[in-house]
Amino acid sequence: MMIEVYKTNVQEIGQSLLIVEKLLEHFPNSSINFDLEDCDRILRVHAPSISNQRIIELLDSYGFHCEVLL
């Protein structure tokens, strides 16, 4: 399993729930969650395989900024 962490600009719980739902459609059998309390609005993806580019594109398609947190 891989774990990837992203910095986002997602602000609201409702937005995060929508994004998690959409990401799970593309990455089934994954654990995906947000930490909106963190200053970087962290998105964590725990999955057998992860496409950083696909995750960034998906968030972008919903109007959100997303970048890999190094």
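Is Cys-66 buried or exposed? At 7% relative accessibility, Cys-66 counts as buried, where buried means under 20% relative accessible area, exposed over 50%, and partly exposed in between (1.4 Å probe, protein chains only). The structure is a predicted model, in which local features need pLDDT of at least 70 and side-chain atom pairs count only at pLDDT 80 or more, while totals for chains, interfaces and linings use all residues. Residues are numbered from 1 along each chain as its sequence is written, and side-chain values use heavy atoms, with hydrogens and water left out.

The protein has two helices and four strands. Helices (H or I, at least four residues) and strands (E, at least two) are taken as DSSP runs and numbered from the N terminus. Read from the N terminus on, the elements follow the order β-α-β-β-α-β.

The four strands build an open sheet with the order β2-β3-β1-β4 and antiparallel pairing; two strands are said to pair if DSSP finds at least two bridges between them. Strands β2 (31-35) and β4 (66-68) stand at the edges with a single partner strand each, so one side of each has no neighbour in the sheet. From one strand to the next, the twist averages 25 degrees. Axes are lines fitted to C-alpha atoms, for helices over the stretch in contact, and angles run from 0 to 180 degrees between N-to-C directions. In general, strands of a sheet pair through backbone hydrogen bonds, either parallel or antiparallel.

The sheet can be followed pair by pair. Strands β2 and β3 are joined in the antiparallel sense over five bridges, and Ser-31 stands opposite His-46 in β3. These two strands, β2 and β3, form a hairpin with six residues between them. Arg-41, found in the loop between β2 and β3, has a positive phi of about 50 degrees although it is not a glycine. Arg-41 is partly exposed, with a relative accessible area of 21%. Strands β1 and β3 also pair in the antiparallel sense over five bridges, with Val-5 opposite Arg-44 in β3. Strand β1 (residues 2-8) pairs with β4 in the antiparallel sense over three bridges, and here Tyr-6 stands opposite Val-68 in β4.

Helix α2 (residues 52-61) packs on the sheet and touches β1, β3 and β4; its direction makes about 160 degrees with that of β4. Contact here means heavy atoms within 4.5 Å. Helix α1 (residues 13-26) lies across β2 and β3 (42-47), running at about 160 degrees to β2. Ser-16 has its place in helix α1 and is buried, with a relative accessible area of 8%. Leaving aside residues up to four places away in sequence, Ser-16 touches Val-10, Phe-34 and Leu-36.

Asn-29 is placed in the loop between α1 and β2 and has a positive phi of about 65 degrees although it is not a glycine. Asn-29 is exposed, with a relative accessible area of 68%. Ser-49 belongs to the loop between β3 and α2. Although Ser-49 and Ser-30 are 19 residues apart in sequence, their C-alpha atoms are 8.9 Å apart in space. Ser-49 touches Met-2 and Phe-27, not counting residues up to four places away in sequence.

The cysteines bring the account back to its opening. A search of the whole structure finds zero disulfides, a disulfide being a pair of cysteine sulfur atoms within 2.5 Å. Cys-39 is in no disulfide, and the nearest cysteine sulfur, that of Cys-66, is 15 Å away. Whereas Cys-66 is buried, Cys-39 counts as exposed at 69% relative accessibility.

Some totals complete the description. For 70 residues, a compact globule would have a radius of gyration near 11 Å, and the protein agrees with this at 11 Å; the radius is taken over C-alpha atoms, and the globule rule is 2.2 Å times the number of residues to the power 0.38. Along the principal axes, the C-alpha atoms fill a box of roughly 25 × 25 × 20 Å. Of the 70 residues, 34% count as buried. Among contacts between residues at least 6 apart in sequence, 63% join residues at least 24 apart. The accessible surface comes to about 4300 Å², of which 50% belongs to carbon and sulfur atoms; accessible areas come from the Shrake-Rupley method with a 1.4 Å probe, and for residues only the protein chains shown count as cover.
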